[in-house]
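Please look over the following protein, after which a few of its features are taken up in question and answer form.

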Amino acid sequence: SRNVIHKNRRIGVSMSGIQDWILTRFGHRVVQGWQDVRDESGEMVKQPVYKPEAVAAFDGLYKAVVAADQKYSDELGCSTSVKHTTVKPSGTVSKLAGVSEGMHFHYSNYLIQRIRFQDSDPLLDALAACDYHIEPDVYTKNTVCVEFPVRAAHADSPDFASAGNVSIAEQFATQAFLQTYWADNSVSCTVTFQPEEADQIAPLFRQYRNTTKSTSLLPYVGAGFKQAPKEPISKDRYFQLKNNITGDVQAAFAKLHPTDTKGLELVDQSDC
């Protein structure tokens, strides 16, 4: 294993917040339209047409990573990496940054994000002091569920798309775009689909079988479960919940725990 690692020098520079960045940079999603073409087996398929500026930008970023790898490898006197770029799922990191997760579209333009805490967590009293909604977890003992109202970037943009309304075809095409122009490792992708789109799954896998490395699929259920991690809500409901929050959590924590000189920090988080 060590010899293979030494020989391959594999790295994997990832991106996150991709959908937010695309709308900020280009004002449009990467898939601009579709054209009918015949694939290598002679079957007619809907081939995505990508925004040229996005193609140039992502391809340029990939080439910059390859050039940097060459420079560092020359300085270190080692071989260059056999792979350079990837897209991780990026769930936790994206939540902390407040951006779309990895390559995925936001779950909704406005939503409740529910986070589970052990009922002894010292952060809970600070959250309660700021009037975040907290309730016992209905599934797990000694656990509580805290609700955070979230507004996605570009939530009110006419070109905003969420996991609840973007087509399964566009999600497959977006993964193929990133696999073609950015990632030479795998692009992590969970495609959400509506019941009426299920018959498209097999044809789309066939269409992109030589482009993407792996794809997961998940039926979109919206608010179909009790205390779902993510629940779509209306804009009015978002502002109602947001206005119920009365303070800053960090300030509340400092006031409630004046002898805790470390303040808020992650501890015992060595396992991801």
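Q: In which helix do Phe177 and Tyr181 both lie?
A: This is a predicted model, with residues numbered from 1 along each chain as its sequence is written, in which local features need pLDDT of at least 70, side-chain atom pairs count only at pLDDT 80 or more, and totals for chains, interfaces and linings use all residues. Side-chain values use heavy atoms, hydrogens and water being left out. Phe177 and Tyr181 are 4 residues apart, about one turn of the helix, where helices are DSSP runs (H or I, at least four residues) and strands likewise (E, at least two), numbered from the N terminus. The helix that holds both is H6.

Q: Why does Phe177 count as buried?
A: Buried means under 20% relative accessible area, exposed over 50% and partly exposed in between, with a 1.4 Å probe and protein chains only. Tyr181 counts as partly exposed because its relative accessibility is 24%. Phe177 counts as buried because its relative accessibility is 0%.

Q: How many aromatic pairs are there, and what kind of pair do Phe58 and Phe177 form?
A: Rings of Phe, Tyr and Trp (its six-membered ring) pair if their centres lie within 6.5 Å, and planes under 30 degrees apart count as stacked, over 60 as edge-to-face and the rest as tilted. By this rule the count is 12 aromatic pairs. With 5.2 Å centre to centre and 80 degrees between the planes, the pair of Phe58 and Phe177 is edge-to-face.

Q: How many residues apart are Phe58 and Phe177?
A: The pair links distant parts of the chain, since Phe58 belongs to helix H3 (residues 52–76) and Phe177 to helix H6 (residues 168–181). Both Phe58 and Phe177 are buried.

Q: Which residues do ring pairs link into a cluster with Phe177?
A: Phe177 and Tyr181 form a tilted pair, at 5.4 Å centre to centre and 50 degrees between the planes. Ring pairs link Phe177 into a cluster with Trp21, Phe26, Tyr50, Phe58 and Tyr181.

Q: Which residues is Gln118 in contact with, leaving aside its neighbours within four places in sequence?
A: Gln118 is found in strand E3 (residues 110–118), and it counts as exposed because its relative accessibility is 55%. Its C-alpha atom is separated by 8.9 Å from that of Lys141, 23 residues apart along the chain. With contact taken as heavy atoms within 4.5 Å, the residues in question are Leu124 and Asn142.
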